[in-house]
Amino acid sequence: MSPVIGADAPLLQRRDTPAERRVVIWRAVFNVTTSIIGAGIMSIPATLKVLGVIPAFVLTVVVAVLVDVSVDFLLRFTHAGSASTYAGLMKESFGKIGSVALQICIMITNLGCLIMYLIIIGDVLCGNGTEHMGILQEWFGIHWWNSRSFSIFLVVIFIMLPLVLYRRVESLWWSSAIAVLLAVVFVGICIVMAIYALINGETETPRMLPQLDGTASFFQLFTAVPVIVTAFTFHFNVHPIGIEIGKPSVMASAVKISLLLCAGLYFTIGIFGYLLFGESINADILVNFDQTSSGSAISSLLNDVVRLSYALHLVLVFPLLNFSLRANIDELLFPKKPGLASDTARFVSLSLFLLAFSYVAAMVIPSIWYIFQFMGSTSAVCLAFIFPGAIAIRDIHGISTRKDKIIATIMIVQAIITSCIAIYTNVYNFISGTSS
């Protein structure tokens with residue numbers, strides 16, 4: 001990777017002491033972990049209901065390991081060449097078509113996630129008008145100022161806008177640290193509630209293996225794969241975070257720590273969420289907490305804390321995904337112009353446009369589920385497995401070993417097969433549900 005100068009240069013060029021290295025690693029861990037943990041954690045318990053505990057655990061570990069391998073491919077080939085972005089890496093290997101395909105996938109994935117985050121925040125604060133009320137309406141009643149459109153507008157203007165105007169991703173490490181803490185709080189409260197229910201004999205025995213009733217049930221298992229793949233996809237932020245660190249070895253260490261942390265959080269929320277709600281678990285676990293809010297005062301308080309903590313977590317994740325989305329759109333539309341951070345007019349106008357578009361889309365789209373499934377089966381699986389594997393197989397720098405190419409081939413083949421089956425099953429379920 002060639003030296004980076006100007007606006008995109010690493011903030012700290014030399015971090016040689018062990019103490020400085022630890023600080024940089026943990027700042028990167030916060031940013032990487034925040035990039036990984038998004039809306040996906042809420043659907044992890046539902047994957048245990050579909051797969052059973054043991055297959056879900058195995059799938060989580062396998063996906064985490066493959067993600068680590070794919071990120072290693074990206075870091076090694078970036079260091080070997082002159083590219084400083086994921087799109088530049090694809091351009092080196094596959095020309096303009098490769099970089100454009102990558103940028104389109106990043107735009108679909110990140111923009112879809114930003115829209116989902118606003119939808120979820122709206123559900124938590126204001127409800128959806130048909131199935132449940134939001135926290136603001138439960139506390140203060142229904143008023144114009146706590147309507148869905150106005151509440152999300154205030155969140156966008158007064159919280160998200162200042163965060164997305166940071167020009168360096170490393171500047172967001174503090175908000176990432178808070179976001180990780182909130183995710184831990186979310187998981188911790190779920191554990192406490194599940195243990196309390198277990199003591200009182202209110203839990204169901206989780207199924208260790210899936211319940212198969214035929215071919216249709218077997219294919220249904222594959223619908224859990226896009227959820228877990230999307231939950232681990234953060235490859236669009238590998239370069240923005242890694243470039244500012246300046247050392248591939250530090251980034252590689254941060255990625256391994258983050259994946260281990262996220263896999264632990266995912267499986268913990270999965271098993272305890274499944275214990276807490278059993279077979280009634282929803283695709284969005286926050287809906288289950290809302291449905292149990294009619295219990296005691298303490299139970300209602302815990303439900304509100306769970307929902308609010310996760311909504312705030314998504315608010316703090318938003319600027320990290322917006323960062324890579326904005327950079328890729330700018331690179332696609334203005335490839336010959338100077339760095340985005342050095343052009344205030346372009347930086348601010350693009351930031352405002354993305355916020356406005358996400359807000360309008362969140363007002364129009366009522367549910368996150370089909371967006372989630374679509375991204376996990378298409379753009380996210382390309383970013384996480386297919387593109388990194390293809391770079392390793394193409395091997396324009398001659399650094400891939402025979403083992404690398406075998407792993408890359410397996411990664412691509414399994415990604416294509418599982419995604420095709422998941423797409424087919426979801427389309428079949430949608431058509432059947434519509435016609436029934």
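Student: What percentage of the residues in the protein is buried?

Tutor: This is a predicted model, and in it buried residues make up 53% of the 436 residues. The secondary structure comes to 17 helices and 0 strands, and 82% of the contacts with a separation of 6 or more are between residues 24 or more positions apart.

Student: Why are α4 and α16 called roughly antiparallel?

Tutor: Helix α4 (residues 86-126) and helix α16 (residues 379-394) pack at an angle of about 175°, with their axes 10 Å apart. Angles over 145 degrees count as roughly antiparallel, and the two helices are therefore placed in that class. On the α4 side the contact includes Leu 89, Phe 94 and Ile 106, while among the α16 residues that take part are Leu 383, Phe 387 and Arg 394. By class, this contact has 16 nonpolar, 3 polar and 1 charged residues.

Student: Which residues touch the most other members of the largest nonpolar core?

Tutor: They are Phe 186, Phe 232, Phe 289 and Phe 385, in a core of 123 residues. The largest share of this core, 21 residues, comes from α4. Leaving aside its neighbours within four places in sequence, Phe 385 is in contact with Val 63, Leu 66, Val 67, Val 229, Met 411, Ile 412, Gln 414 and Ala 415.

Student: Why does Asp 330 count as buried?

Tutor: Its relative accessibility is 7%, and buried means under 20%, so Asp 330 falls on the buried side of the cut-off. This residue lies in helix α13 (residues 297-333), and, not counting residues up to four places away in sequence, Asp 330 touches Pro 335, Leu 340, Arg 346 and Leu 350.

Student: What makes the phi of Asp 395 worth a remark?

Tutor: Most residues other than glycine have a negative phi. Asp 395, by contrast, has a phi near 50°, a positive value in a residue other than glycine.

Student: Where is the kink in helix α6 centred?

Tutor: The kink in helix α6 (residues 148-164) is centred on Val 156 and comes to about 35°. Val 156 is itself one of the buried residues of α6, which also include Arg 148, Ile 152, Val 155 and Met 160.

Notes
Residues numbered from 1 in each chain as written. Predicted model: local features only at pLDDT ≥ 70, side-chain atom pairs only at ≥ 80, totals over all residues. Heavy atoms only, no water. Bend = angle between axes of the 7 residues up to and from the residue. Helix = DSSP H or I, 4+ residues; strand = E, 2+ residues; numbered from the N terminus. Buried < 20%, exposed > 50% of the residue type's maximum accessible area, 1.4 Å probe, protein only. Axes fitted to C-alpha atoms, helices over the stretch in contact; angles between N-to-C directions. Parallel < 35°, antiparallel > 145°, perpendicular 65-115°, else oblique. Contact = heavy atoms within 4.5 Å. Nonpolar A, V, L, I, M, F, W, Y, C, P; charged D, E, K, R; others polar. Core = buried A, V, L, I, M, F, W, Y, C linked by side-chain atoms within 4.5 Å.
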